Amino acid sequence: MAASASPAGPEGAPQRPTHSLRSRLPALTAYLGVLPFLAYVGVFLIYPTLIVVVGSFEDNAGRPSLDNLRVVTQGVYREAFVRTIELSAASAVIGMVLGSLLAWAVSTARPDGVLRRGVNSACGVLAQFGGVTLAFAFIATFGITGLVTQFLRDNLNIDIYSGGVWLYDIPGLIFIYSYFQIPLMVIVFLPALDGLRPQWREAAASLGGTPWHYWRHVAGPILAPSFLGSGLLLFANAFSAYATAAALVSQGNPIVPLEIRAFLTSEVVLGQENVGKALGCTMIVVVTVVMGLYGLLLRRASRWLR
Amino acid sequence: MTGPPDLNPAPLTAAGAVPPHAGKRRGLPGRTLLRWAILLPLGAFFLLPLAAMVEFSTREENGRHDFRAWAAIGDTPELISAATTSLSLAGLTVAGMLVLLTPTLVWVRLRLPRLQRLLEFLCLLPLMIPAIVLVIGIAPIYTRVAQLLGDSPLTLAFIDIVLVLPFSYRAIDTGLAAIDLRTLTDAARSLGASGVTVLLRVVVPNIRGGLVGASFLAVALVLGEFTLASLLNFTNLQVEINMLGQTDAELSVAVSLAAILFAFTLLLAISFAGHRTKEGVSDGSP
């Protein structure tokens, strides 16, 4: 539209600007409508993110530098990243396998029944409401004086901590994270299972296929992108989780979120302030890549399931 | 929370997206067996920690059980004030989220459809920036907020609104996608309604289910928020629970369980609210 206005003759110039301004005015006022939202998101989301991203490429004097990124890819930070990725991957795989089984069991129940509604709500709570309460729940269950620990020790003479107190380390975190990963898998994978049409099963059966054939050649390939995509979402979820680990692990910083906590709560990192930002920036990159792949797989999944 | 609304092409019945084959799934004993073989152990895994929390929170030193810790919830002023803070924060966050998001989403759908992708991207962005990372960048902004508005923990609402954006966006956007927004607003405008009237008396009642869902989710999320509050040195419910864990483990476990049960009740309420609106939508009348 703007292009069609420009080649007008010079004699048309005087009244053109007022005319085009008037015709653009509604469009401009339309943009005013989104201004409050953009301003809010700009101040409380974009600007803080820029502080982290820009800061990770600066030294303490504010000069451009790659030193921070070099630091976080070596030594203790590198080990923390490896452990965080292992923790996220392990809990994501557990969540994918057990969560999809649970989702299948729920998908065969009546859609408006008590089982489905209850499981859905419970999954919503457990997937979102983790954090501190979850850490305490597991301390009450599997802690040194926890219900299960005491029961096994007093009645069956089994000491679950004979090999060390694993609950407060990576194995414990994997175990506890699965308590919110499995419900999250149910939430994100259930719609895909619901998208399977009974006609496909009937078609497979009428062609002489067994349930195995159906799952191997029809449902499996259709669900595969949703399944893998959900797994990526679970990975990102575990990778960014902080509260559970923070409430559980008070000594040492085995995972990256806890390394960042050390930067935010202690003063001893003087001279290295921006290393914390570089850690954060690296986390953003990892999560963004994983979520990007999730988006791609989701688009692929929706091809059949609509 | 729930999937995209366009997953099921079958015409919406009053009961919502009931798959047409729902009644056919019986007479398969092997399948029922497998179902329970999955449900029972996983159910046990999920219920065990909850049961252990009941046992742990009622445990006394002499091996007996009583409800001292549960009674102490009401007698712990710090806990009451932290819970009040969290509930007030939840209220502020819901109000702010609704005021910020609802008009913007309606406006973009009607006037600036080209911005829809940008808006979606911005709303889902908090999923890509872990809260622990956001807190690094937001700390300097909060020193400024403290200068302007004081040091109240209620200022956490600003950041809580950002944290709930992805979930609220999905709920409200799904609600808007389910109605014929343009026809409704055009009809109302042609009858002389102002923009505010259209929003409050036509759009809002029609997407009530989405708004209720978005609000309850926001409440659950704010009540569970720990990362930003603890690292910005504000005391909310979760921060207080964490501190209590060091002095009175039974009490902290009792409060944890109470909070989980409260959130569960909230989400169960959503599932009923969502059910009701589906019938309302198929009514079609504002």
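This report walks through the fold, the aromatic pairs and the nonpolar core of a predicted model.

## Ground rules

Local features here need pLDDT of at least 70 and side-chain atom pairs count only at pLDDT 80 or more, while totals for chains, interfaces and linings use all residues. Side-chain values rest on heavy atoms, with hydrogens and water left out, residues are numbered from 1 along each chain as its sequence is written, and chains are lettered from A and ligands numbered from 1 in the order in which they are written.

## Chain A overall

Chain A has 14 helices and 0 strands. Helices are DSSP runs of H or I with at least four residues, strands are E runs of at least two, and both are numbered from the N terminus.

Of the 306 residues in chain A, 47% are buried. Buried means under 20% relative accessible area, exposed over 50%, and partly exposed in between (1.4 Å probe, protein chains only). Take the contacts in chain A between residues at least 6 apart in sequence: 70% of them join residues at least 24 apart. A contact here is heavy atoms within 4.5 Å.

## Aromatic pairs

A search of the whole structure turns up 17 aromatic pairs over all chains. Rings of Phe, Tyr and Trp (its six-membered ring) pair if their centres lie within 6.5 Å; planes under 30 degrees apart are stacked, over 60 edge-to-face, and the rest tilted. One of the pairs is A:Tyr77 with A:Phe263, tilted at 6.3 Å centre to centre and 35 degrees between the planes. A:Tyr77 sits in helix α5 (residues 75-107) of chain A and A:Phe263 in helix α13 (residues 256-265) of chain A, so this pair ties together parts 186 residues apart in sequence. Both A:Tyr77 and A:Phe263 are buried.

A:Phe235 and A:Phe239 are stacked, because their ring centres are 5.9 Å apart and their planes at 15 degrees. Both lie in helix α11 (residues 211-240) of chain A, 4 residues apart, or about one turn of the helix. A:Phe235 is buried at 13% relative accessible area, and A:Phe239 is buried at 1%.

## Across the chains

One aromatic cluster takes in A:Phe138, A:Phe142, A:Phe175, A:Tyr179, B:Phe45 and B:Phe46.

The largest nonpolar core holds 176 residues, and A:Phe37, A:Tyr177, B:Leu101, B:Ile172 and B:Leu176 touch the most other members. Such a core is a set of buried Ala, Val, Leu, Ile, Met, Phe, Trp, Tyr and Cys residues joined through side-chain atoms within 4.5 Å. Helix α9 (residues 170-195) of chain A gives the most to this core, at 16 residues. Beyond its neighbours within four places in sequence, B:Leu101 is in contact with residues including A:Phe37, B:Cys123 and B:Ile172.
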